[in-house]
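Take a look at the protein chain below.

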Amino acid sequence: AQHERHENSELRAENEKLRAENIRYKEALGNASCPNCGGPASIGEMSFDEQHLRIENARLREEIDRISGIAAKYVGKPMLTYPNLSTTGPLDLGVGNFGPQTGLVGEIYNASDLLRSVSGPIDADKPIIIELAVAAMEELIRMAQTGEPLWIKTLDNSSETLSEEEYFRTFPQGIGPKPLGLTSEASRESAVVIMNHINLVEILMDVNQWTSVFAGLVSRSLTLEVLSTGVAGNYNGALQVMTAEFQVPSPLVPTRENYFVRYCKHHADGTWAVVDVSLDHLRPTAVSRDRRRPSGCLIQELPNGYSKVTWIEHVEVDDRSAHNIYRPLVNSGLAFGAKRWVATLDRQCERLASAMAINIPTGEVGVITSPDGRKSMLKLAERMVMSFCAGVGASTAHTWTTLSGSGADDVRVMTRKSIDDPGRPPGIVLSAATSFWLPVSPKRVFDFLRDENSRNEWDILSNGGLVQEMAHIANGRDPGNCVSLLRVNSGNSSQSNMLILQESSTDSTGSYVIYAPVDIVAMNVVLSGGDPDYVALLPSGFAILPDGGGGINTTCTSGSLLTVAFQILVDSIPTAKLSLGSVATVNSLLKCTVERIKNALACDTMPDGKI
């Protein structure tokens with residue numbers, strides 16, 4: 001490792017020396033003059049642009065050689081030869097065959113048989129993938145650092161849009177022209193987050209952590225093959241082929257599945273960059289509804305453990321299947337765009353920082369101050385949130401059945417069997433979800449649903465009893481970001497030993513209120529710092545999104561899109577058959593909850609329907 005580090009340092013110094021020489025030669029070429037007439041000199045038959053392209057392609061070819069060498073060293077495959085880059089034209093990426101591959105398979109996280117059926121790249125495609133990754137990294141850097149005319153600001157400077165004409169003029173190479181029937185979505189967002197750059201890179205390059213942190217956006221993910229693990233003990237130069245499914249927390253918005261390569265690089269100025277780019281053109285038999293042009297983020301180190309993140313999302317999609325009430329949200333970029341990725345990352349960094357906090361004030365009643373108890377309770381809440389997010393969207397891993405009609409607020413149900421899962425009660429689990437529009441701001445809906453004092457207005461299972469907060473952990477700047485332990489003071493003796501674990505979370509692009517009944521004995525173990533993995537959970541809850549009426553400016557939204565989802569154990573015997581009575585009961589329960597929420601929030605609207 002020391003030898004690699006020393007060699008890397010020498011290579012970086014050599015690279016800087018060559019860069020300085022390159023700049024000097026460019027200046028000399030630009031200022032060259034004819035000694036006879038004093039006019040600009042012609043260097044043979046080669047124009048300055050041609051010379052620039054030769055120098056640039058030589059540099060890219062060196063980087064491709066380096067990555068190929070790393071891949072050969074760590075994966076154990078021979079170094080691959082690759083076609084020479086075009087001198088004056090775009091990269092010739094070619095089209096290969098997509099076939100089975102038995103290689104170094106990475107982590108599988110929440111991946112169904114559909115994702116597992118996608119195999120890694122064949123050897124013939126790997127040099128093409130490396131070329132594409134290097135070109136994508138160059139494009140990402142320029143997309144993140146360039147302003148107008150590539151990015152055009154709106155009149156109020158609240159957002160910016162990508163000029164497609166300027167984009168294709170600036171980046172003529174890549175994955176080719178936009179396919180017919182697909183529309184472009186491009187967005188850029190920056191923020192300062194409370195996490196150091198090393199940990200951020202690790203989150204993005206570890207499929208487990210990436211799916212966990214972005215659980216509301218990533219429903220499933222899989223690393224198909226690791227072409228390079230990086231050098232010098234970090235992710236610099238890491239290259240991996242992946243597939244992932246991206247979602248909105250509602251069964252009314254189809255998911256987006258991508259097959260792509262992810263490439264990480266540590267640049268000379270200290271900035272880290274992680275880029276994705278689709279590989280769908282390498283499997284021409286597959287019909288792709290969406291693909292990722294170079295997308296990802298730049299991470300700049302700041303003092304005191306903070307980092308500045310600049311995120312680029314650039315996709316081409318067919319979003320005609322999204323339900324009408326969600327179309328303005330999708331078109332605004334708040335559903336899948338860079339603003340949502342950055343807001344989610346910022347929120348999760350806050351959450352992780354609170355989990356590591358050691359100086360907890362002891363004056364407030366109900367605050368959990370034990371470090372082990374806080375860690376265990378936050379870990380349990382994290383599993384609850386991930387389970388809810390994985391089961392509320394339109395993932396192709398789910399088979400939703402609509403109980404009636406085709407309207408937006410119809411109830412959709414699905415069933416699954418829970419066997420030998422210590423984190424779930426055994427038996428048949430029935431999931432039900434519905435989405436609908438409310439003429440109330442997302443903040444008002446969030447505050448109403450998370451408040452224990454208003455819970456008896458919508459929670460049928462509390463039987464009208466008073467709900468009391470027993471303990472809580474604040475985990476964000478907003479007072480609504482917290483994990484709570486609630487007790488229902490009900491006259492029903494069967495509920496006397498039950499508590500409710502609840503996490504409420506909000507950011508500028510959406511909010512969640514997720515809860516699950518938990519056993520009081522099990523929670524005592526958790527609060528004492530015990531293992532939370534064996535606490536059985538069936539989470540239910542709410543996903544609250546702006547309706548997109550205000551565009552990307554979420555403060556001008558005109559209403560909310562609310563998804564209500566329940567999970568109920570309908571039979572404790574896994575081999576039993578689901579009865580129609582159970583489905584009817586859950587359907588009635590969900591619709592009754594929806595009506596209670598609508599009635600409780602009706603006072604927030606004027607007679608003409610305005611907020």
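A residue counts as buried when its relative accessible area is under 20%. The model shown here is predicted. By that cut-off, buried residues make up 49% of the 611 residues in the chain.

**The whole chain**

The chain holds 13 helices and 20 strands. Its accessible surface is about 27900 Å². Carbon and sulfur atoms own 53% of that surface. Now take the contacts in the chain with a separation of 6 or more: 67% of them join residues 24 or more positions apart.

**Two packed helices**

Two packed helices are described by the angle between their axes and the distance between the axes. Here the pair is α9 and α10, whose axes come within 10 Å and cross at roughly 150°. An angle over 145 degrees counts as roughly antiparallel, so α9 is roughly antiparallel to α10.

Which residues make the contact? The table lists them by helix.

| Helix | Range | Residues in the contact |
|---|---|---|
| α9 | residues 338-355 | R351, S354, A355 |
| α10 | residues 371-390 | R374, L378, A381, E382 |

Sorted by class, this contact has 3 nonpolar, 1 polar and 3 charged residues.

**A helix with a buried face**

Helix α11 covers residues 442-450. Its buried residues are P442, V445, F446, F448 and L449. Where do the buried residues of α11 fall, seen down its axis? They fall within an arc of 165°, so they line one face of the helix.

Definitions and conventions. Residues numbered from 1 in each chain as written. Predicted model: local features only at pLDDT ≥ 70, side-chain atom pairs only at ≥ 80, totals over all residues. Heavy atoms only, no water. Buried < 20%, exposed > 50% of the residue type's maximum accessible area, 1.4 Å probe, protein only. Helix = DSSP H or I, 4+ residues; strand = E, 2+ residues; numbered from the N terminus. Arc of directions from axis to C-beta. Contact = heavy atoms within 4.5 Å. Areas by Shrake-Rupley, 256 points an atom, 1.4 Å probe, with all protein chains shown as cover. Axes fitted to C-alpha atoms, helices over the stretch in contact; angles between N-to-C directions. Parallel < 35°, antiparallel > 145°, perpendicular 65-115°, else oblique. Nonpolar A, V, L, I, M, F, W, Y, C, P; charged D, E, K, R; others polar.
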